[in-house]
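Hi everyone, thanks for coming.

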Amino acid sequence: PEPGPVVPGGMDFIDETLPTLGDNALVVWNGQASTTPFMASISTRMPREVVVDLLDRPADGPAPVWGAGALTITDTVTLLYPNGPNTPDASRGFTVSFGAGARTPLERFVVQRSGEGRVIDVDAYLVGGGDWTARGGRPPAELNRAMADAGAVLRAAGVELGELRVHEVFGALRDDFAVLEGASGPVGVPDELDDMYRLTAGQNRPGLAIFFVRSIEGALGIASGIPGPHVLPGNGASGVAISVDLIPLDEIGLVIAHEVGHYMGLFHTSEIDGQVNDPFPDTEECRIARDRDGDGFLLPSECRGAGADLLMFWAAQAGRISPQQSTVMRRAYFVR
């Protein structure tokens with residue numbers, strides 16, 4: 001890690017000048033516990049131009065050229081470069097403006113890779129969901145079914161699932177994490193998520209951590225970041241969580257694939273209110289003009305022919321993945 005900026009907290013923002021980024025870079029900033037740092041804007045430096053203002057984007061505004069999210073669910077902020085075909089060239093340099101819920105120093109990690117991967121190894125943490133248990137170290141049949149279904153979806157992006165390593169969480173830890181409730185913070189997620197993700201500490205092989213819990217308040221699944229901190233196991237954002245008891249078995253694989261897409265760096269192609277976060281020109285948009293019943297919510301039935309069949313539609317119903325999305329997925333740092 002390198003020292004990053006000290007964010008004052010409140011409504012005071014501070015800028016961070018990024019180091020030179022290569023063709024494929026992941027930047028991770030860690031803050032202190034319970035400070036919830038977030039990005040406010042991204043600008044180029046030469047010449048200075050605001051690429052995206054993450055706190056002032058109208059719901060009916062244009063699609064961003066750089067997929068990035070202002071609010072975080074943990075005390076980790078991530079940035080993927082490039083995250084879209086129209087991201088400004090890195091030679092112009094970038095400045096990121098940060099805010100935080102409370103004063104915090106940030107430490108910064110910058111990692112870069114060349115080429116693409118094809119295989120995802122998975123570390124599955126059984127935390128009470130479905131009463132799944134690993135007998136003799138073998139995955140339960142239900143887990144094998146769910147992962148096979150997820151693998152079938154991800155295969156469309158040119159990615160295969162590899163080794164499945166099972167870790168069973170017992171005793172007090174299972175009691176603490178099986179039901180995640182008491183949503184709080186700017187995006188309303190359970191406080192226990194950070195501590196649960198830190199169970200990945202010591203994981204010394206590339207892989208994706210997926211936690212199978214009973215339920216998460218307000219969510220069928222949660223990815224800890226878009227993207228997640230791929231190279232930092234033991235971090236308070238190191239993983240994906242799935243609400244096993246809230247999802248029919250034959251739909252768990254699709255939920256896994258959707259959350260893995262987020263963790264790799266993909267945003268919803270269209271949000272429930274018609275706002276678009278996805279920077280890919282080859283994914284269809286469903287805007288609020290398609291809200292036929294005028295209730296302010298875009299249902300899959302209102303978005304047929306406008307991206308409702310995409311894996312990363314806000315209410316994933318199908319598993320279509322575009323070529324540009326696939327490129328970002330294969331570049332994720334845990335894909336070997």
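I'll go from the whole chain down to a sheet, a helix and a single residue.

Some ground rules: this is a predicted model, where local features need pLDDT of at least 70 and side-chain atom pairs count only at pLDDT 80 or more, while totals for chains, interfaces and linings use all residues. Residues are numbered from 1 along each chain as its sequence is written, and side-chain values use heavy atoms, with hydrogens and water left out.

Okay, the whole chain. The protein chain has five helices and 17 strands; helices here are DSSP runs of H or I with at least four residues, strands are runs of E with at least two, and both are numbered from the N terminus. Its C-alpha atoms fill a box of roughly 60 × 45 × 40 Å along the principal axes. For 336 residues, a compact globule would come out near 20 Å in radius of gyration, and the protein chain, at 19 Å, agrees with that. That radius is taken over C-alpha atoms, and the globule rule is 2.2 Å times the number of residues to the power 0.38.

How much of the chain is buried? Of the 336 residues, 54% are, where buried means under 20% relative accessible area, exposed is over 50%, and partly exposed is in between, using a 1.4 Å probe and protein chains only.

Now the sheet. Four strands make an open, antiparallel sheet in the order β2-β7-β4-β5; two strands pair if DSSP finds at least two bridges between them. β2 (10–17) and β5 (48–53) are the edge strands with a single partner each, so one side of each has no neighbour in the sheet. Looking at one pairing, β4 (residues 38–45) runs antiparallel to β5 over five bridges, and Ser 43 sits opposite Val 50 in β5.

On to helix α4, residues 249–264. Its 16 residues reach 24 Å from first C-alpha to last, close to the 22 Å expected, with that expectation being 1.5 Å times one less than the number of residues. It's mostly covered, with 13 of the 16 residues buried.

Last stop, Pro 5, in strand β1 (residues 2–7). Is Pro 5 buried or exposed? It's buried, at 8% relative accessible area. Beyond its neighbours within four places in sequence, Pro 5 has contacts including Ile 14, Phe 98 and Leu 106, contact meaning heavy atoms within 4.5 Å.

That's my tour, thanks!
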